[in-house]
Amino acid sequence: MIHINEKRDCCGCGACASACPKGCISMKEDVEGFLYPYIVIEDCIACGLCERVCPVLNQNDIEDTAIPDAYAAYAKKNSIREKSSSGGLFSLIAENVLQSGGVVFGAAFDLDFSVKHIVVDNSKELGRLRGSKYLQSRTENTFIDAKRFLDNGRLVLYTGTACQIEGLKKYLQKEYENLYTVDVLCHGVPSPKLWKKYIMEKENKYGGVVQKIFFRQKDFGWKIYVVLLEFSNKTAYKRIFKEDSFMKMFLANICLRPSCYACKFKGLNRSSDITLGDCWGINKYMPEMDDDKGTSVVLIHSEKGKKIFEVLSNQMIVREGDVDRLLPPSSDSRKSVSRHRNRKKCFKELDRNVWGIDKLEKLIEPTWYDRMQRKILNIVRMIKQKIC
């Protein structure tokens, strides 16, 4: 039977619940809104399968010294990039799988604008999977559904965060030639409870029900993206991400899942076939690849990943590059983020439900010590640049 002694040791992938032969494990929200396995002990037969499929307890032995092939790339068609958060590579891969008679699993907004994994088998529905969703997606029964498709010989593309891909692989317990996996670079996942409060406050303020949400609208370009909420009364909330309270708290690491502060899946080498993400800093490394419409970083981890990437190369603008330049070691996508000192207070006040999001946001404001430390670091950086 699986035991979660420390919450940092559960990434919430749901592999244990999917694997349980008695169905006695379900994923339930804790007081912070994050999902953890709940076990009906009297129904448990102690088979140990839940422990064997846990990606945290059973990490893959991936060769740390192996350097994946790394590329900067984007779709040639601007129409694809306009609908995508970055360079549109997910759309190209997914369309290829669908055209080959396959199915695609990915994260989509639910009716209440929480996020869950769904499966699509046609291009019309693919739009639901496009775009960044800065929340942890509930995998629900999609591991089980993916296995059924795979066992029936159907081509499957499963996309998610690195921990979700690890969870799927552990659940399947064997390799499938008809399975493609793509993980997306992840900063960490914020509290669904905080997200619900954010939505509720926005609906109260604007007097309408949220109809559409875009985390990465490109009205001002790819680098300065916009958070957009459209309401039922035809009004809209629109802010640059640096001015949006939810995004600021998310990026300040004050409201993330405990496991995100000790992530075991952010290594350079992953068990997915391909890793996709934003290629921040491309304007300095490869300025010819930057038109501020979105450029993806692509890491190839397997022969299957290499094969599908090569098949799609005629639909992309691609440049091979140094992995440490395209995705620097200091990137939050390659290392765990630090827990914010006010995280505990943030959730305490969120639980009291007295402070609004705007007041909670004040918990991330830098102290006098923070400002002085930043100034000192900037001075040291300037001195090093002059010396060099």
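**Figure 1. The buried residues of helix 11 pack against strand 3 (69-75), helix 4 (89-99), strand 7 (179-184), strand 11 (274-278), strand 12 (296-300) and strand 13 (316-320).** Packing here rests on contacts, meaning heavy atoms within 4.5 Å. Helices (H or I, at least four residues) and strands (E, at least two) are DSSP runs, numbered from the N terminus. This is a predicted model, in which local features need pLDDT of at least 70, side-chain atom pairs count only at pLDDT 80 or more, and totals for chains, interfaces and linings use all residues. Residues are numbered from 1 along each chain as its sequence is written, and side-chain values use heavy atoms, with hydrogens and water left out.

**Figure 2. Helix 11 has a buried face.** Helix 11 spans residues 303-311, and its buried residues are Lys304, Gly305, Ile308 and Phe309. Seen down the helix axis, these residues fall within an arc of 130°, so they line one face of helix 11. The arc is that of the directions from the helix axis to the C-beta atoms. An α-helix has 3.6 residues a turn, so residues three or four places apart point the same way. Glu303 and Lys307 are exposed on the other side of helix 11. Buried means under 20% relative accessible area, exposed means over 50%, and partly exposed lies in between (1.4 Å probe, protein chains only).

**Figure 3. Ser137 sits in a loop between two helices.** The loop runs between helix 5 (123-126) and helix 6 (142-151). Ser137 counts as buried because its relative accessibility is 5%. Neighbours within four places in sequence are set aside for its contacts. Ser137 then touches Ala107, Val115, Lys116, His117 and Gln164.

**Figure 4. Gly356 lies in the loop between helix 13 (343-352) and helix 14 (357-361).** Its relative accessible area is 22%, so Gly356 is partly exposed. Beyond its neighbours within four places in sequence, Gly356 is in contact with Lys197 and Glu201. Ser336 is 20 residues from Gly356 along the chain. The C-alpha atoms of Gly356 and Ser336 are separated by 28 Å.

**Figure 5. Ala46 has a positive phi.** The value is near 55°, in a residue other than glycine. Ala46 lies in the loop between strand 2 (35-39) and helix 2 (49-52). Its relative accessible area is 61%, so Ala46 is exposed.

**Figure 6. Asn253 has a positive phi although it is not a glycine.** The angle is about 65°. Asn253 is found in the loop between helix 9 (245-251) and strand 11. At 11% relative accessibility, Asn253 counts as buried.

Figure 7. The C-alpha atoms fill a box of roughly 55 × 50 × 50 Å, taken along the principal axes. With 388 residues, a compact globule would have a radius of gyration near 21 Å, and the protein agrees because its value is 21 Å. That radius is taken over C-alpha atoms, and the globule rule is 2.2 Å times the number of residues to the power 0.38. Buried residues make up 52% of the 388 residues. Among contacts between residues at least 6 apart in sequence, 67% join residues at least 24 apart.
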